[in-house]
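Please read the report below alongside the sequence and the coordinates. It moves from the separate chains to the contact between them.

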Amino acid sequence: MTFAIPTLETPRLILRAPRAEDFPPFAEFYASERAKFVGGPLTPEGSWRMLAMEIGHWALKGFGRWIAEARDTGEAVGLIGLFDPEGWPEPEIGWDIFNGFEGRGYATEAALHARAYAYDVLGWQTAISLVKPGNDRSAALAARLGARPDGDFTHERHGFMHVWRHPGPSELADGGVEAYA
Amino acid sequence: MPKNIPVIETTRLILRGPEPEDYPNFKSTFTSYRARFMGGPLNPYESWMLYAAEIGHWRIRGFGMWMIHDRDTDETYGMAGGWKPAMWPEAEIAWVIWPEVAGRGIALEATHAARNYFYRQLGWKTAVSYIDPKNLDSIRLAERLGARKDPAAPTVDGHDVVYRHPSPEELDGTQLAHGIEMEIGHYADPMFKPKGWALD
């Protein structure tokens, strides 16, 4: 099977396909307490399967999540992009920042470009982000991105989550990057 | 690492990479009782995540599980190939056959071809299969493929039994290889009527 994972560039990040070399920082994040809001903590095997799943997501849906790589150091700083596995309420913009890279605005920068890609390239008319109760930093980021609370969703594995609804393409000039960056 | 998953053709089968349109068949088996020895039954979310991981496994490792298709009708029969998530002691040769097509020697034919590919094209020197000790059909298939229990080899989680496959040399023009191919030949013969219990 052939499928392509596009590469996007932002001022400080390269958003690119997940690959084998990403496993150490990926597994470290998903093994940590910080991952409790996004389905963790996971065993190393569970993290590896998830990394493989992120690649397969692109093949099955035509979109997915990118590894965000810092342009200056080449380090993988997070997993950010578009997520819609079976049983998801609707396509989501998600952001997981790996340990040690929080507080630098990377999630905002990457999420804005992921949202612009969803609207401008894929033609999405709306997008949500799911945030678990207590994940205040993620909720604050959703609010900074212009999203508003829009009900909740309970998933059989991830449990109860708040739905944040992003402004649609018509509410954002030029897909949103220029409007909010 | 090859971006394209290789295609393998056998007497009755074509093995190709897992495609999005094959997912419903995968889900049907993995959400069923048939998956009880493979970590299942899975819920639909887990099943989808596993199928996506099957595809990603190829990109990360350069090998993985093929989808088994009928050469003529293209319908899917199951999967066979290699599997090695992080922390697994060794690369595994694995198979799963949809329950409705069990008993036709499809797993034998597909897994034999996959193993030959790993040995001849990828240079594997050995391989194991991790099998639930209650999964008698899979143990029988491992034995028909010439694998033997390897009590000294590390298991995945202590609840599985390790079967060690014959080495490339043990399958190179040997009586064992001939026997496997003869059995596959029987199943490929439309006049062949297997007796006894259903075999994968």
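## Basis of the model

This is a predicted model, in which local features need pLDDT of at least 70 and side-chain atom pairs count only at pLDDT 80 or more, while totals for chains, interfaces and linings use all residues. Residues are numbered from 1 along each chain as its sequence is written, and chains are lettered from A and ligands numbered from 1 in the order in which they are written.

## Chain A

Chain A has five helices and eight strands, where helices (H or I, at least four residues) and strands (E, at least two) are DSSP runs numbered from the N terminus. Read from that terminus, the elements of chain A follow the order β-β-α-α-β-β-β-α-β-α-β-β-α. The radius of gyration of chain A is 15 Å, close to the 16 Å that the globule rule gives for 181 residues, so chain A is as compact as a globular protein of that length; this radius is taken over C-alpha atoms, and the rule is 2.2 Å times the number of residues to the power 0.38.

The C-alpha atoms of chain A occupy a box of roughly 40 × 35 × 35 Å along the principal axes. Of the 181 residues in chain A, 41% are buried, a residue being buried if 20 or more other C-beta atoms, placed from the backbone, lie within 10 Å of its own. Among contacts in chain A between residues at least 6 apart in sequence, 54% join residues at least 24 apart, with two residues in contact if their C-beta atoms, placed from the backbone, lie within 7 Å.

## Chain B

Chain B likewise has five helices and eight strands, and its pattern along the sequence is β-β-α-α-β-β-β-α-β-α-β-β-α. The radius of gyration of chain B is 16 Å, close to the 16 Å that the globule rule gives for 200 residues, so chain B is as compact as a globular protein of that length.

A box of roughly 45 × 40 × 35 Å, taken along the principal axes, holds the C-alpha atoms of chain B. Buried residues account for 40% of the 200 residues of chain B, and among its contacts between residues at least 6 apart in sequence, 58% join residues at least 24 apart.

## Contact between the chains

The contact takes 24 residues from chain B and 22 residues from chain A. On the side of chain B that touches chain A, α2(B) gives the most, with 13 residues. That side of chain B divides into 15 nonpolar, five polar and four charged residues, where Ala, Val, Leu, Ile, Met, Phe, Trp, Tyr, Cys and Pro count as nonpolar, Asp, Glu, Lys and Arg as charged, and the others, Gly among them, as polar.

## Helix packing

Helix α2 (residues 44-61) of chain A and α2(B) pack at an angle of about 95°, with their axes 6 Å apart; axes are lines fitted to C-alpha atoms, for helices over the stretch in contact, and angles run from 0 to 180 degrees between N-to-C directions. This makes α2(A) roughly perpendicular to α2(B), a term for angles of 65 to 115 degrees, whereas under 35 counts as roughly parallel, over 145 as roughly antiparallel and the rest as oblique. The residues of this contact of α2(A) with α2(B) comprise 12 nonpolar, four polar and four charged.

Within chain B, helix α1 (residues 23-30) and helix α2 (residues 44-61) pack at an angle of about 125°, with their axes 10 Å apart, which makes α1(B) oblique to α2(B). Y23(B), F26(B), K27(B) and F30(B) in α1(B) meet P44(B), S47(B), L50(B) and Y51(B) in α2(B).

How values were computed:
Buried ≥ 20, exposed ≤ 12 C-beta atoms within 10 Å, placed from the backbone.
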